[in-house]
Amino acid sequence: MSRKPAPAQTGERARVELLFDKPQLLVQLFGQYDQHLVALENRLGVYITARGNRVGLEGTAEQVALARDVLNDLYQRLQRGEEVDTGLVDASIAMAAEPVLTGIIRADAGPGAPSVMIRTRKKTIVPRTAAQAHYMRELTTHDMIFALGPAGTGKTYIAVAQAVAQLITGSVQRLILSRPAVEAGERLGFLPGDMKEKVDPYLRPLYDALYDCLPAEQVERRIASGEIEIAPIAFMRGRTLADAFVILDEAQNTTPAQMKMFLTRFGQNSRMVICGDPNQTDLPGGVRASGLADATQRLDGVEGISLCRFTAADVVRHPIVGRIVEAYEGVEA
């Protein structure tokens, strides 16, 4: 592997050589055409050489240490059977600079360390940003969590994964997923079919998250048995949701009356997660008409309720998505 050296940086220079004992994992670690190593060089300003199962890192002492931590983290993930893609590489680079995460997300942490990994039948989900790590810890300690932030930050996906994990272990008896049936700036007119066929298009993102955490046949079986219920928020009226993990997605599109109705469905031995982007409501009255904005203002600081906030820096989709979110937030500001 030979590339143009990274630009020189001020500070004490250092060189470190890493030795990886499983050469079969290095193709995934380096990426196609060494794209993961190129990303490390560009983001951290280090110069990387790879020969066989040895990787040399050269740059300032601080940046070499960060690159070493990222490569070791990615290698450990591969050893555990996880997939490494460009998104994970970018997230690992960002997390390497987060000192508060030291010792928290390590798989080899001691038995007393807090766990922020979510295990489901199909995969193990680990946080990719500091905000996600905080969110995952809050999901294990609070009964009601508001997850606020732009699209692509993992708010709903992580909540669904945690709900599936608790359903599998039996700590809850039901998983209830809901969202308002509000059109995103369009008027779709009459939709043919029965009630399920009419509302399913609005609930598709929740199905996608479920199928990513459970085999398809299990999703269908649990939906048929009532263990998993996916329904518009209007179907929640008059119910008490006990022994359930309840998720409300796209909560910014609820009215204050709908939000109050939904929150008061909370029952014994339940957990409720409300996900939404306060700045992206599709209601005719805009943000001022949103039940999410109203609820977070009223409930901030209430005991037992956690507010987890995400920003464009926590977007874990393609990097350009984060830049788009930042651009729009700047215009709205």
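Which residues make a nonpolar surface patch of about 310 Å²? I looked this up before anything else. I320, I324 and Y328 make the patch.

**Entry: the model**

I note that this is a predicted model. I took the confidence values next. The mean pLDDT of the protein is 79, and 78% of the residues score at least 70. I then went through the elements. Strand β6, residues 144-148, has the highest mean pLDDT of them, at 95. Helix α11 has the lowest, at 68.

Over residues 99-115 the pLDDT stays under 50, and the model has 15 contacts for them beyond four places in sequence. Residues 183-189 are another stretch with pLDDT below 50; I find seven contacts for this stretch beyond near neighbours in sequence.

**Entry: Y328**

I went back to the patch and picked one of its residues. Y328 sits in helix α11, which spans residues 319-332. Its relative accessibility is 57%, so I put Y328 down as exposed, the cut-off for that being over 50%. I keep in mind that α11 is the element with the lowest mean pLDDT.

**Entry: L19**

I turned to strand β1, residues 13-19, where L19 is found. Is L19 buried or exposed? The relative accessible area of L19 is 55%, so I count L19 as exposed.

I then looked for what L19 touches. With neighbours within four places in sequence set aside, L19 is in contact with N53 and R54. I also checked G52, which is 33 residues from L19 along the chain; the C-alpha atoms of the two are separated by 9.3 Å.

**Entry: salt bridges**

I counted the salt bridges next and got 11. Side chains of opposite charge can pair when their charged atoms come close.

*R77 and D73.* R77 forms a salt bridge with D73, and I read 3.0 Å between the closest N and O atoms. Why are R77 and D73 separated by about one helical turn? They are four residues apart in helix α3, residues 61-79, so about one turn of the helix lies between them. R77 has a relative accessibility of 3% and counts as buried. D73 is at 11% and is buried as well, because buried means under 20%.

*R239 and E229.* The side chains of R239 and E229 meet in a salt bridge at 2.7 Å, N to O. R239 counts as partly exposed at 22% relative accessibility. E229 has a value of 22% too and is also partly exposed.

*D294 and R298.* I find a salt bridge between the side chains of D294 and R298, at 2.9 Å from N to O. Both residues lie in helix α10, residues 291-299, four residues apart, which is about one turn of the helix. D294 is partly exposed at 23% relative accessibility, whereas R298 is exposed at 61%.

Which residues do they join into one network? I noted D73, R77, R80 and E82.

Note on methods: Residues numbered from 1 in each chain as written. Predicted model: local features only at pLDDT ≥ 70, side-chain atom pairs only at ≥ 80, totals over all residues. Heavy atoms only, no water. Helix = DSSP H or I, 4+ residues; strand = E, 2+ residues; numbered from the N terminus. Buried < 20%, exposed > 50% of the residue type's maximum accessible area, 1.4 Å probe, protein only. Contact = heavy atoms within 4.5 Å. Patch = residues over 30% accessible without salt bridge, like charges linked within 9 Å, V, L, I, M, F, W, Y side chains within 5 Å. Areas by Shrake-Rupley, 256 points an atom, 1.4 Å probe, with all protein chains shown as cover. Salt bridge = Lys/Arg side-chain N within 4 Å of Asp/Glu carboxyl O. pLDDT = per-residue confidence, 0-100.
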